[in-house]
Every structure is written in structure tokens, then in C-alpha cells.
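Me: Hi! I have a protein model open here and would like to talk it through. Could you take a look with me?

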Amino acid sequence: MKNTLVLIAGAPGSGKTTFAETIGELNPDIFTIAADDYFYDDFNEYHFDFSKLGEAHQWCQDQVLWAMSVEAPLILVHNTFTTKAEMEPYIKLAEKNEYRVISLIVENIHGGETRHGVPPEKVDLFRERLKERFQP
């Protein structure tokens, strides 16, 4: 396998997007995507709609499939991925398209705030769900 899919997990404000953008700036062949990208309009303004979250995740998966179809060498998906089930569709795409998968968890040790205005109590819920992934 020569191509890689990186699934970047973390609570809102942890730095997932910043990390993905930083790596993506290194090479124009690196493809970065998140379900949150679905909610940006043509003026780069963010308009989250919870009722469209399923559509956003399907769109994100479709974008990853497209990137794989053009053999993007490195694909970075920066979603919260608080459960293994949220990662499964991407892992299946990777297996089908012969991409290796790397999972990274980004932690908010820098005191960053979410770009999308997620309330602190919701951020705490995301952090707790991530912790549960690592409980035996």
C-alpha cells in the first residue's frame, strides 16, 4: 500500500483542523476534509445545522472516496471520531481502495477554543466519549 488515510480524532477545539491544515499546506496533493466543511457557504461562513449532520458525514465519506479514486497519496479526515463506529465507514473505504489507515488523537493541551462555537458542556461530552474509547 502506497497511500495513507489518517483519521484525526479529538474533541472540538483540540486542534484537529489546525493540524490537518498545517500538514495539508506542505503539499498540494494532500487532501484534507471534515464533515464540518459541509456547513461552510460560498463566503466561507459556517452555518451548522444539526438536522443535516448525517448528510454532512455522508458527504465527507463521498469526498474521501473521490480522493481515493484519484489516488491522493495522503488523505486527512479531521472529525471528532469519538467512537470506533464513526471510524468504520472510512476504514472500510480504505480497505476497499488499498489505503493504509492511521488513527491520531489530538488533545487540547494548548488551551485552544473551538472554531465552531461548540458550547463548553458539549466539548466536555466529546472528551468523555473519547476517554471511553480507551477503557478496557
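Predicted model: local features only at pLDDT ≥ 70, side-chain atom pairs only at ≥ 80, totals over all residues.

Me: Let's start with Leu 74. Leaving out residues up to four places away in sequence, which residues does Leu 74 touch?
Reply: Leu 74 touches Thr 4, Val 6, Ile 23, Asp 29, Ile 30 and Phe 31. Contact here means heavy atoms within 4.5 Å.

Me: And where is Leu 74 placed?
Reply: Leu 74 sits in strand E3, which covers residues 74-78. Its C-alpha atom is separated by 7.3 Å from that of Asp 29, 45 residues apart along the chain.

Me: Thanks! How many helices and strands does the protein have, and in what order do they run?
Reply: There are 4 helices and 4 strands, and from the N terminus on they run β-α-β-α-β-α-β-α. Helices (H or I, at least four residues) and strands (E, at least two) are DSSP runs, numbered from the N terminus.

Me: How much of the protein counts as buried?
Reply: Of its 136 residues, 37% count as buried. Buried means under 20% relative accessible area, exposed over 50%, and partly exposed in between (1.4 Å probe, protein chains only).

Me: What share of the contacts links residues 24 or more positions apart?
Reply: Such pairs account for 78% of the contacts with a separation of 6 or more.

Me: On to the helices. How do H2 and H3 cross?
Reply: The axes of H2 and H3 (residues 84-96) come within 11 Å and cross at roughly 15°. That makes H2 roughly parallel to H3, a term for angles under 35 degrees. The axes are lines fitted to C-alpha atoms, for helices over the stretch in contact, and angles run from 0 to 180 degrees between N-to-C directions.

Me: Which residues make that contact?
Reply: From H2 there are His 57, Cys 60, Gln 61, Val 64, Leu 65 and Met 68, and from H3 there are Pro 89, Tyr 90, Leu 93 and Ala 94. They divide into 8 nonpolar, 2 polar and no charged. Ala, Val, Leu, Ile, Met, Phe, Trp, Tyr, Cys and Pro count as nonpolar, Asp, Glu, Lys and Arg as charged, and the others, Gly among them, as polar.

Me: Leu 65 is on that list. How accessible is Leu 65?
Reply: Leu 65 has 37% relative accessibility, so it counts as partly exposed. Not counting residues up to four places away in sequence, Leu 65 touches Leu 93 and Asn 97.

Me: New topic: Leu 130. Buried or exposed?
Reply: Leu 130 counts as buried because its relative accessibility is 9%. Its place is in helix H4 (residues 120-132).

Me: What does Leu 130 contact beyond its neighbours within four places in sequence?
Reply: Leu 130 is in contact with Ala 9, Gly 10, Ala 11, Thr 80, Phe 81 and Thr 82. Leu 130 and Gly 10 are 120 residues apart in sequence and 7.3 Å apart in space, C-alpha to C-alpha.

Me: Last one, Asn 44. What is its phi, and where does Asn 44 lie?
Reply: Phi of Asn 44 is near 60°, a positive value in a residue other than glycine. Asn 44 lies in the loop between strand E2 (30-33) and helix H2 (53-69). With 59% relative accessibility, Asn 44 counts as exposed.

Terms used. Residues numbered from 1 in each chain as written. Heavy atoms only, no water. Parallel < 35°, antiparallel > 145°, perpendicular 65-115°, else oblique.
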